[in-house]
Amino acid sequence: SKRRGRSQITVYSQEIAEEFRRATELEQALRRAIIADDVAVHFQPIVRLADGQIMGFEALARWHDAELGFVPPNVFITLAEERGFIDLLTEVLLKKAAATALRWPEDMYLSFNLSSAQLVDPMTSLSILAILNRAGLDPRRLELEITETAMMSDPDMAQKIVTELRAVGIKIALDDFGTGQSSLGRLRDFTFDKVKIDRAFVSEITRDRPSEHIIKAILAMCEGMDLAVIAEGIEEVEQAAKLIQLGCRLGQGYLYGKPIKASDTLRLIAANARP
Ligand code: C2E
Ligand code: CA
Ligand code: CA
Ligand code: CA
């Protein structure tokens, strides 16, 4: 009926207003946290599967608010994108991550996630390079992770940014490969350095034939295209064994290490280097 329709609209608009109020509260808390230096970066090791040697670390943003508690990174990253201050957040995070990476052995690399808003912004490569310059980190030690979905909104701009970044020696990894709106055309049209196979396939690899075949196919394809492959979300020894057997060289996951504080990375590196 008409009346029910109207009351439903009232409920929706109240929900939307409530949602908006919550987002604005979160935005203010996040802006305060950035200024107070309360947003941290944690690091998860990326290893060579054959011997567990650490090759680099992926930087993962962390924010624990006194009142709101732990806010998941995809939540606050998306918020910063929507509210137009992802540049500021990225600068703070990359600056911190680069400062930590400078303390690692020189052959270890830093992997950093680029957000979708940065793949439509023509200033992205310049600002990333400026941050690296100020931090003193060699661009060749930086790898940027981007998702296929993030490239969708403006593929030409994304392509331009990727090309500019690679021209200064920064490597590009295609994150969450095999999920979302993935298309093999992307691998043909863009030039990447690496592909990260999503945890969704890795976690099923020992239980599920299709997942094994998909990983096999990705590995064969990437080998032909000279792309390195990282398997994400390895939690079990059996998964690692299977991946090694299939010819995957690099991996990441709780089996090798959860994301840790910057101050703990040196200890992990030292322990990893012991014969
Ligand atoms: P992602 O880039 O795919 O990162 C991998 C996520 O999987 C991380 O979650 C990591 O903690 C988790 N993970 C790693 N190994 C395992 C495992 O063995 N098992 C399980 N169950 N999970 C594992 P996290 O830190 O919550 O990050 C979630 C997402 O938030 C990231 O997904 C990334 O898209 C985004 N994100 C995090 N930090 C940043 C950042 O600094 N900038 C941007 N733009 N995005 C970020
Ligand atoms: Ca990632
Ligand atoms: Ca991923
Ligand atoms: Ca993901």
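This tour moves through a group of calcium ions and the strands around them. The model is predicted, so that local features need pLDDT of at least 70 and side-chain atom pairs count only at pLDDT 80 or more, while totals for chains, interfaces and linings use all residues. Residues are numbered from 1 along each chain as its sequence is written, chains are lettered from A and ligands numbered from 1 in the order in which they are written, and side-chain values use heavy atoms, with hydrogens and water left out.

Aspartate 175 belongs to strand S6, whereas glutamate 232 sits in the loop between strand S8 (228–231) and helix H10 (237–246), 57 residues apart. Helices (H or I, at least four residues) and strands (E, at least two) are DSSP runs, numbered from the N terminus. Aspartate 175 and glutamate 232 are both buried (under 20% relative accessible area, 1.4 Å probe, protein chains only).

Next, select aspartate 175, which bridges ligand 3 and the calcium ion (ligand 2), 3.9 Å apart.

Finally, display strand S6 (residues 171–177), where aspartate 176 lies. Strand S5 (residues 142–147) runs parallel to S6, joined by five bridges; glutamate 145 stands opposite alanine 173.

Technical notes
Two strands pair if DSSP finds at least two bridges between them. Donors are N, O and S atoms within 2.8 Å of the metal (3.2 Å for Na, K and Ca); water is not among the atoms, so sites may look incomplete. Buried means under 20% relative accessible area, exposed over 50%, partly exposed in between (1.4 Å probe, protein chains only).
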